[in-house]
Amino acid sequence: MSRVRAGALGKLTAVAVALLAAGTLTAAPLKVALYVDDGCRGTGLIRWAEIFRDSPDAELKLVSGQDIRDGALDDRELLVMPGGWGGPQYAAMGDAGADKLRAFVANGGAYFGTCAGNYLILTQAPDEKPIRLGMLPYMRQKSPYRGGSILDIRFTDNADLFGFKPRTLRSVRYHGGPVLNACEQIPGADIKEIARYACEGVYSYNTNAAPTMLGHPAIVAGTFGKGRLVGCSPHPESYTHTQDIIRGGLKYLTGRDFACEYPQRTRGNLAVGFKGSRTGKDGAMLAAALYREPTLDLRAMSGDDFGCGVLEHCDALVVPHANAESFSRRVVEFLKNGGKVFTWCAEKDRDALISKIKDEQARANVVVCKNTEEVKQALVAYSKEN
C-alpha cells in the first residue's frame, strides 16, 4: 500500500471513530461463528445462541467442523466453541480444520471457548503429549470427572481486562471443565489469568477424589499472534445473572458491548423448553433450527431448572433422545397439566417409551417423532394452532 493511500485510509478511520463516538454512525454487526456439530452437549450451545440471536451487535452464523475445514471462518471475526466434549469437536474439524482455526486466531481473529472449548486449545494433555491447537500454555490435570455444581471464582489483578474489580468473588456453574496447570509459554502467546477457583469442586461422581481445584485458573485470556482468545473452564453463559462475565470477555475480545436481552425483542407465541443434557449433534442442530422460527420462544433448560419451577412457564418441552428415564415426576406433572412434550427415537422404541407413562392424560400429550425434522414441523404446527 502506498504512503498516500495509507494516509488517506488513516484519515478515514479517524473520521469513522469520531462518528462512532458521537453516535452518528452505527458499527456493522460483529460477524460471529458458533460451532454446532459433534461434541456439543448440554445447554451451553443454546445459551450462546440466545446471547447472539437477536442482538443488533452480531451477525450469527452456525458452523460445523466441515464448514471450518471449508473456510467458513474466512469472513468471521469471532468463533465461539461451546461446552460438550473436546475430542469429538476436534474429530469433526480434523487436523485440517484445527490448522485453519489456529491460523484464524493467529491472523487476527477472536476465540471464546467454554469448558470443552477451553480443553480444545490447551497446549498439553495430562500425559504431556502436545495438543495440535496449542494456543493456551496450560495442561489439564489428570483427574476424575467431577460432575456439576455451583462454584466460587475470584478475579485476579487482571480483572480489569473484563471490566471487573480485582478480588471480586462470583459464583458460577461448573460442569467438568478443565482444571489448569501452567506449562511453558508458547511462541506468539501472551496469556493472563483473569479468575481462579476460590473453592474445591463437589465431586458428585467420585467423593474420594483429592482436592485439586482451589487456586487454579478458572478463566484465562490473552493474545495469540495477532488475535485474542478466552478460555473459560466454568459456564457463566448458563444463567442470566452470570452473563456479565461473558459480556466482559466479549468486550475484551472485540472491543464491543453486548447486551444479552433487548427490550424490543418480540418473542414467539409458544414458549418451548429445550432439555439440553442429552443434546448431541442432531439435538444441537434442531435447537439452532428452532431458534430461527418466529413463532417459537426457545428456552434452554436443565434438570435443575425443572426443580425451580421454570417448566411451569413453558407450553411445550423438547426432550432429545427420550427414554423411560427422561420422564421424571416433574415432566409427567407437566404433561398431566396440559403441557406437550416433543421427542424423537427409533420406531422400535416408541411403544416401550409411551408404555412407561401410566397416566392416560400425560401419555396423550407426548409427541414421539422419527427424527428432528418431524419435531420441528410438529412444533411449528402446534405453535400456529395455539
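User: Which residues form one aromatic cluster?

Analyst: This is a predicted model, in which local features need pLDDT of at least 70 and side-chain atom pairs count only at pLDDT 80 or more, while totals for chains, interfaces and linings use all residues. Residues are numbered from 1 along each chain as its sequence is written, and side-chain values use heavy atoms, with hydrogens and water left out. Rings of Phe, Tyr and Trp (its six-membered ring) pair if their centres lie within 6.5 Å, and planes under 30 degrees apart count as stacked, over 60 as edge-to-face and the rest as tilted. One aromatic cluster is formed by W48, F52 and F112.

User: Are the rings of Y174 and Y197 stacked or edge-to-face?

Analyst: By the ring rule, the count comes to six aromatic pairs. In the pair of Y174 and Y197, the ring centres are 5.9 Å apart and the planes stand at 90°, so the pair is edge-to-face.

User: How many residues apart are Y174 and Y197, and is Y197 buried or exposed?

Analyst: Helices (H or I, at least four residues) and strands (E, at least two) are DSSP runs, numbered from the N terminus. The pair links distant parts of the chain, since Y174 belongs to strand β8 (residues 169–175) and Y197 to strand β10 (residues 189–197), 23 residues apart. Buried means under 20% relative accessible area, exposed over 50% and partly exposed in between, with a 1.4 Å probe and protein chains only. Y174 has a relative accessible area of 1%, and Y197, at 2% relative accessibility, counts as buried.

User: What kind of aromatic pair do F342 and Y382 make?

Analyst: The ring centres of F342 and Y382 are 5.9 Å apart and their planes lie at 50°, so this pair is tilted. The pair links distant parts of the chain, with F342 in strand β16 (residues 340–344) and Y382 in helix α12 (residues 372–385), 40 residues apart. F342 counts as buried at 2% relative accessibility, and Y382 counts as buried at 15%. The kind of pair is therefore tilted.

User: Over which ring does the charged end of R228 sit?

Analyst: A charge sits over a ring if NZ of Lys or CZ of Arg is within 6 Å of the ring centre and within 35 degrees of the ring normal. The charged end of R228 is 4.4 Å from the centre of the ring in question, which belongs to Y252.

User: Which residues does L379 contact, leaving aside its neighbours within four places in sequence?

Analyst: Contact means heavy atoms within 4.5 Å. With those neighbours left aside, L379 is in contact with L270, V272, L290, L296, A316, V318 and F342.

User: Which residue of β9 is the bridge partner of M139?

Analyst: Two strands pair if DSSP finds at least two bridges between them. Strand β6 (residues 136–140), in which four of the five residues are buried, pairs in the parallel sense with strand β5 (residues 122–124) over two bridges, and there Q124 stands opposite M139. β6 also pairs in the antiparallel sense with strand β9 (residues 180–182) over three bridges. In β9, the bridge partner of M139 is N181.

User: How wide an arc do the buried residues of α9 cover around the axis?

Analyst: The buried residues of helix α9 (residues 329–336) are V331, F334 and L335. They lie on the same side of α9, because the arc that they cover around the axis is only 100°. This arc is that of the directions from the helix axis to the C-beta atoms, and the value for α9 is 100°.

User: Is C115 buried or exposed?

Analyst: C115 is found in the loop between β4 (110–114) and α5 (116–119). Although C115 is not a glycine, its phi is positive, at about 55°. With a relative accessible area of 4%, C115 is buried.

User: Is R167 buried or exposed?

Analyst: R167 lies in the loop between β7 (148–155) and β8, and it has a positive phi of about 70° although it is not a glycine. At 55% relative accessibility, R167 counts as exposed.
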